[in-house]
Amino acid sequence: MEMKHGEGDCTMHRTAGPGFSSLPEGCIVDVLSRTSPRDACRVSAVASAFLSAAESDALWESFLPSDYREIIARSSEPLSWHHFSSKKELFFTLSDSHLLIDGGKKSFWIDKRSGKKCYMLASRELTIVWGDTPHYWEWTSLPESRFAEVASLQAVCWFEIRGKINTCLLSPTTNYAAYLVFQAEHSYGFEDIPIESSIRILGNETTTKVICLATYKSESEEAEHDLEHEYLSIEDVRSWINDNLSQLYSSPGNSLLGFDDVKTWMNNNLMKLFVSQEHQEPSASMRSDLSYPKKREDNWFEIELGEFFIEGGEDMELEMTLMEVKAGHWKNGLIVEGIEIRPKGNL
């Protein structure tokens, strides 16, 4: 470092030396590959000297799963990694969309932040007790689902769903969580009923938790819903009857209430009464000892079944279970899309 003194000031000059940007591109790629896809994009945005390395196939190949070619080959869609102009394009395609694999019974994508592997097991890939009996469960199609079929609960007392996946399919050194993905807008029988969920890896301890599948509207959603629907309470019915049937005892000079008047009013208003009762929230408040579902960006609901850590190198079966067999009452209306497995804390 050289110091020069000028009149009335002191100016310091640093002797320029070789900087990080002067390193060979291969070295920069090696350094960036030890970060994350998100960090690599940020670096290229603020430092033009890193742009070439941050866009290179060598870097984005390191962010892709090592078995991405095999996974793409299992796709139900006509897709080949050769069709992409760069590995970066392939990475963002696999993170922005869900690739159907294994005959459409699984969905695969990679987490955009970390590059970790994510899966959803379709409801057809799950073991659902009574799932093959149409009286209890029906299989139907929904345009909002990524799968060809979803399981629609008709009526069961014994509610049990199991899903399995081999740990070798998941990314190593990763904390994962499993989530049931479902719709429950017209469900019945799940209100504040504890559902037992568990995660078990062969040879390890089983982790359990208690969840609830009932969905509750937020205050803003409930207010918006009330504005869209005109509801009629039982008190409204009682008040109308008291007010109008008194005309039957009116003096002869007054017109009596006729049967057609009653019939017309009933036809116009009883449906409002039924709708209002159907949409009433359960009388019990949300219990602090239960975990409740959250609404996703794709408008499905999800509830965490549990979490687990993948060390890497294991070739064991992971089983995810949810069950309710103790309450002894009927449950219906639930629509199950599948069980999603993704890194904990990422959506």
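A salt bridge is counted here when a side-chain nitrogen of Lys or Arg lies within 4 Å of a carboxyl oxygen of Asp or Glu. By this rule, Arg296, Asp298, Glu302, Glu340 and Arg342 are joined in a network of salt bridges. The structure is a predicted model, in which local features need pLDDT of at least 70 and side-chain atom pairs count only at pLDDT 80 or more, while totals for chains, interfaces and linings use all residues. Residues are numbered from 1 along each chain as its sequence is written, and side-chain values use heavy atoms, with hydrogens and water left out.

The pLDDT, the predictor's confidence in each residue on a scale from 0 to 100, has a mean of 81 over the protein chain, and 71% of the residues reach 70 or more. Over residues 1–17, the pLDDT is below 50, and this stretch has 12 contacts (heavy atoms within 4.5 Å) in the model beyond near neighbours in sequence. Residues 274–284 also have a pLDDT below 50, with 15 such contacts. Where pLDDT is low, the predicted coordinates should not be read in detail.

Helices (H or I, at least four residues) and strands (E, at least two) are DSSP runs, numbered from the N terminus. Glu340, like Arg296, is buried.

The whole structure holds 24 salt bridges. One of them joins the side chains of Glu319 and Arg200, at 3.4 Å from N to O. Here too distant parts of the chain are linked, with Glu319 in strand β15 (residues 317–324) and Arg200 in strand β11 (residues 195–201), 119 residues apart. Glu319 is buried, with a relative accessible area of 11%, whereas Arg200 is partly exposed, at 32%.

Finally, helix α1 (residues 25–32) has Ile28, Val29 and Leu32 buried. These residues cover an arc of only 100° around the axis, taken from the directions from the helix axis to the C-beta atoms, which puts them on the same side of α1. Their cover includes α2 (37–46), α3 (51–55) and α4 (57–63).

Note on methods
Buried < 20%, exposed > 50% of the residue type's maximum accessible area, 1.4 Å probe, protein only.
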